There are 2 protein chains.
Amino acid sequence: MASHGFWSLGGDNAGANAGSQSPSTPRAWCQAAAQKFPGGLGSKLCALLNVGDAEKSADPAAKLPPPGEAAGTCGCNKSCNCTKAAVGFSDLYSTDLLPASDGDTKTMTFLQEVVDILLAYIVESFDRETKVIDFHYPNQLLQMNNWELQDEPATLDDILISCRATLKYAIKTAHPRYFNQLSTGLDMVGLAADWLTSTANTNMFTYEVAPVFVLLEYVTLKKMRDIIGWQDGRGDGIFSPGGAISNMYAMLLARFKMFPEVKEKGMSSVPRLAAFTSEHSHFSIKKGAAALGIGTESVICIKADESGKLIPADLERRILEAKQKGFVPFFVSATAGTTVYGAFDPLIAISDICRKYGVWMHVDGAWGGSLLMSRKHRWKLDGVERANSVTWNPHKMMSVPLQCSALLVREEGLMQNCNQMHACYLFQQDKHYDLSYDTGDKALQCGRHVDIFKLWLMWRAKGTIGFEAQIDKCLELSEYLYNKIKDREGYEMVFNGKPQHTNVCFWYLPPGIRYMEDKEERKKRLHKVAPVIKARMMEYGTTMVSYQPQGDKVNFFRMVISNPAATFEDIDFLIEEIERLGQDL
Amino acid sequence: MASHGFWSLGGDNAGANAGSQSPSTPRAWCQAAAQKFPGGLGSKLCALLNVGDAEKSADPAAKLPPPGEAAGTCGCNKSCNCTKAAVGFSDLYSTDLLPASDGDTKTMTFLQEVVDILLAYIVESFDRETKVIDFHYPNQLLQMNNWELQDEPATLDDILISCRATLKYAIKTAHPRYFNQLSTGLDMVGLAADWLTSTANTNMFTYEVAPVFVLLEYVTLKKMRDIIGWQDGRGDGIFSPGGAISNMYAMLLARFKMFPEVKEKGMSSVPRLAAFTSEHSHFSIKKGAAALGIGTESVICIKADESGKLIPADLERRILEAKQKGFVPFFVSATAGTTVYGAFDPLIAISDICRKYGVWMHVDGAWGGSLLMSRKHRWKLDGVERANSVTWNPHKMMSVPLQCSALLVREEGLMQNCNQMHACYLFQQDKHYDLSYDTGDKALQCGRHVDIFKLWLMWRAKGTIGFEAQIDKCLELSEYLYNKIKDREGYEMVFNGKPQHTNVCFWYLPPGIRYMEDKEERKKRLHKVAPVIKARMMEYGTTMVSYQPQGDKVNFFRMVISNPAATFEDIDFLIEEIERLGQDL
């Protein structure tokens, strides 16, 4: 594994230094797996993933066992009656599977083969000895397999090869050392639920086509509203395709609540509107304003304090200023857990201002909303019960598989009035069941993916106290990281004081920069450190963590912990790895 | 199974008549499965689904085999080394699974147990002897299981019971006689791909976190644009959460193209806009206009002819009228495959008008776009290559698992300019790879679900010719249905002539209504026929097909065929079933 010139700032010895500590090779993983799992299971797992020989090959397909050898044999004794029968895939096509007549056995065997590949991938993903990523540049990856689509069909053998190749180059988001995004980790019950959801393959628009899922959404949204603190869990809500869309829904509802005529007549019927959010808030607030025809200039960014929290006095000042200019303030989006700093805006003070000026209060808790489930940490969202709407993404801090984002709304009926179009081919009024369960017309979408079952089943499996424990543990780990580096030589914190969420923002200063006296030159060099360390992390595949600049602050690491697989040792590893990869810079 | 008073118009003997022809009981299905699958596999499938004894029980959990008996034994010989080891789930919790230390075997065994339940469900779903739906009213279903969320965790045994209960009351969307929606059927390769997608559990925003999926989206969008007829497949596009959102994207782009200042300044900076679409178009056009601040009144509905196609002369007339009133025409949405009639608007004539008046031409091919893959039927979309944007939902006619919707855009770079917000924590400009693959900033969403892999893998498995054959077969079946009923006694077609898509719209007139002379009374009675037959279909669980009124036309059946499992016999069955369930009305 050679080190690229690009990867270093000054020298090119990082690769050589690092090589000895990089994760063990796939072959070594196979040997370890063979010892760990008895009865040949370890080597079977290894063969399924084809990690034994592919590492030196540019073409993953080239080194696969010949079709029919690994594939199609369950590995069981002949008297076995497991669902995997002896079927060879090199002569079979998708048209041999169900609904083909007599496709039952072939289908079960094919799906079982895929599942075996997935199970092996899962076990490997949690193993710290494996790489988080087997990185290749886009132009390299394009050449590593034939990804092009053809006129002619491929055999099922080729399909299995494609599955293996896809996983080989995928990021192992379940890996205990994957910290790159706010959504990390892989929950086994959540995964099982997502597999079931795919199998049920239906849509959320009516009770008619999704009876159980519609009821589970009803039950779960009520529970979430109850946790927010709305009386008897009353209100409304929806699971939407991500936090950005949930925030857009909130802005749409706020506008409709103040000016219901906007639905028919558009923005030309309403005065110029103004929305307010912290300068540290998520970009989706501006994106939503652009889409809804409000315009990004009508989103007024409120100053945040040093730790990233919105300053209420500045909010009030800007609301008054906007009113004086003839704008109508209609929407304040407070953030509960900002993306970079993890800051929680002061919700009680903000709600006082919103009430005073009659403005809709939204809480973007996409990232921090889950802290409501923790008795220890929910005080950070005190005042959330005063909000008109709340975004809460269980796919982030609760580790529900992607995607799972909820918008909760305090007022009942508003979503329906805002969005309904009464399509008579879908929402027939003369059906034989209670139509209040046909909730599709309150959505912006027509067909809506079933995102509820994975959250519901995980909640069932963990209980509220299980989610609480999982969340508390992530916060404990981040506190451990903060305490470890805040006074450590070579580190500077981006803001003072203990972080409120699991975000720990810091600079690592390599020895060559640490003592530089020229402040400008130091800053310039420091800006390049995080990108190079990150690039090296990806090349070695040892861990992944995010970085960015913010305002006048040069590139810094933003460590976040939402991965339930992470331990104190993984935090130690991260620090050692940053120092190992960055010492020469 | 008693017939409710509600279910009949005049008599209550339908239930008694129908009982003998309803699908065989779950017990009978088990007996048949036991004969079909050797080596005990059939009875194992049956036990997994727990269909043997649950039919008379109000609580599906009550009649399950005791924990530890069915669960946790792979059923194989002792020397078997399949991934299912002997694990009992009644004492295990989700915290015993990965990432728990030594959680490997328990995890694989648990996931394998879930997969066995899913495999059994799949096999059962394709079996015509089983019900499409085991229908219960919402208040009944709420009482059939404990769906409430608790503070305390449940055992994995309880989780498996919840999976079985959820599937027991789910709609079998793979069933060969499920015709209820535009999205029906279940593709086995698509399902495998969706399971893999869930396992990879990542997001589409950057190459960094989804290298393979980002490349596959690139390859597939290019191929789709190529099929549309854009030179060298050039252009742009995105997979979005459904056709409604794809259409909203198109409207957003059209507005931005004409008035780029709208992004910053909002609708107050632009003149009053007007959008045009057929009176038969999908409700998402109006929904989008409401959301984007354009207003539903600015969506001008153009007359359609008797078969549901937009009349170009009326489009031109209404554009001129709007201009005279001071509106700026900016967007025409032609429909390629309307929701109810399946009509294809005349795209060439529409494009001529769009060019003449400088208006963005969008083609909503959510339902009909897939006909582009058929050499026999693609002429119905002649002129689509002149469009500025096209919505095309592979989750409908191509039977890709939900959701999979693409928006294709002719102009490169426009999406990026329209939607980007330059979030520096996500789209860092100093990364070490080609940033043109970080496509997240052109989306309205931030995190975006991976919808590409299931389409790509299916395309790989079938080839373009495989999709073509599947689509042609559905159209052949609908032509068979049309020919069968167009002159049959008791049927009236909603519009004359052969349908262009697989939509066949018709009234069934029971003998008691067929010869009524009072036209008003006849119409009134006929309006109630389809809802009652549909309700009975759901009670007996034999088949499902949609109905609706349209304009001054009373409730009629809209049969659509996108289900690759359907055969000529299933069409025959549908007709027999409608007559059986409706003869007494």
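Predicted model: local features only at pLDDT ≥ 70, side-chain atom pairs only at ≥ 80, totals over all residues.
Two strands pair if DSSP finds at least two bridges between them.

Take strand E5, residues 328–335, and strand E6, residues 360–365, both of chain B: they run parallel and are joined by 5 bridges. One of the residues involved is B:Phe331, whose bridge partner in E6(B) is B:Trp360.

Now the whole sheet. In chain B, 7 strands make an open sheet with mixed pairing, in the order E2-E8-E7-E6-E5-E3-E4. Strands E2 (236–240) and E4 (299–302) of chain B are at the edges with a single partner strand each, so one side of each has no neighbour in the sheet. On average, neighbouring strands of this sheet are turned by 20 degrees against each other, direction ignored.

Helices pack on this sheet. Helix H8 of chain B, residues 211–228, touches E2, E7 and E8, and the direction of H8 makes about 115 degrees with that of E2(B). Helix H9 of chain B, residues 243–258, touches E2, E3, E5, E6, E7 and E8. The direction of H9 makes about 150 degrees with that of E5(B).

Last, one residue between the chains. A:Arg460 lies in helix H15 of chain A and, at 10% relative accessibility, counts as buried. The side chain of A:Arg460 reaches two backbone oxygens, that of B:Asn146 at 2.4 Å and that of B:Glu148 at 3.2 Å.

Methods
Residues numbered from 1 in each chain as written. Chains lettered and ligands numbered in written order. Heavy atoms only, no water. Helix = DSSP H or I, 4+ residues; strand = E, 2+ residues; numbered from the N terminus. Buried < 20%, exposed > 50% of the residue type's maximum accessible area, 1.4 Å probe, protein only. Polar contact = N/O pair within 3.5 Å; in protein donor to acceptor, adjacent residues only side chain to side chain. Axes fitted to C-alpha atoms, helices over the stretch in contact; angles between N-to-C directions. Contact = heavy atoms within 4.5 Å.
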